[in-house]
Amino acid sequence: MKKVKGFTQEESFKMYIAQVERAQRTKKALPYFILSRGPALNPCPVHRKNEGLVLPVDDLYWIDFPMRKQPECKCRVRGLSIREYERIKQQGTQDPDAPQTLDEKGNPTGLKEKRYIPIKEKPIL
Ligand SMILES: [Zn+2]
């Protein structure tokens, strides 16, 4: 069975479902989810068009198009506070494809350049 960061795909999917359930109880503090896609090398067929999607945690999208149900899906969601939501609505969210920054010797630092992509507030289905 294929492993996603040490978990089987089924375990990873169950963790997602648990995350969505937990989010219903914490939605006062974290009312939104933002979708981050998996590696660009292997784009997810389900969520590739909805990178940076922000919707309320109880939106049906998160149930109808769950993360990591398909083996190709390595996408994840993260809870957002209203404050964070307002910030990234203005500024955008970190581009996962931004290049790494280099230190003074020209070695990659492991940090990404600050480059932002606009969020989406309507899913592309
Ligand atoms: Zn996906």
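Helix α3, which spans residues 82-91, is hardly covered in this predicted model: among its 10 residues, the count of buried ones is 1. Here a residue is called buried if 20 or more other C-beta atoms lie within 10 Å of its own, exposed if 12 or fewer do, and partly exposed in between, with the C-beta atoms placed from the backbone. Helices (H or I, at least four residues) and strands (E, at least two) are DSSP runs, numbered from the N terminus. Just after α3 comes Gly92, which takes a positive phi of about 95°.

Residues are numbered from 1 along each chain as its sequence is written. The model is predicted, and local features need pLDDT of at least 70, side-chain atom pairs count only at pLDDT 80 or more, while totals for chains, interfaces and linings use all residues.

Stepping back to the whole protein chain, its secondary structure comes to 3 helices and 9 strands. Read from the N terminus, these elements follow the order β-β-α-β-β-α-β-α-β-β-β-β. The C-alpha trace spans about 45 × 40 × 25 Å along its principal axes. Of the 125 residues of the chain, 22% count as buried. Two residues are in contact if their C-beta atoms, placed from the backbone, lie within 7 Å. Among contacts between residues at least 6 apart in sequence, 64% join residues at least 24 apart.

Two strands pair if DSSP finds at least two bridges between them. Between β3 and β4 there are 3 bridges, and Phe33 has Leu55 in β4 as its bridge partner. Between β3 and β5 there are 5 bridges, and here Leu35 is partnered by Val77 in β5.

The largest nonpolar core holds 18 residues, of which Tyr32, Phe33, Ile34, Leu35, Val54 and Val77 touch the most other members. Two or more residues each are given to this core by β3 (32-36), β4 (54-56) and β5 (76-80), and the largest share, 4 residues, comes from β3. A nonpolar core is a set of buried Ala, Val, Leu, Ile, Met, Phe, Trp, Tyr and Cys residues joined through C-beta atoms within 7 Å. Leaving aside neighbours within four places in sequence, Val77 is in contact with Phe33, Ile34, Leu35, Trp62 and Met67.

Finally, Pro66 sits in the loop between α2 (61-64) and β5. Because 18 other C-beta atoms lie within 10 Å, Pro66 is partly exposed. Not counting residues up to four places away in sequence, Pro66 touches Phe13, Tyr16 and Ile17. Ile88 is 22 residues from Pro66 in sequence, and the two are 23 Å apart in space, C-alpha to C-alpha.
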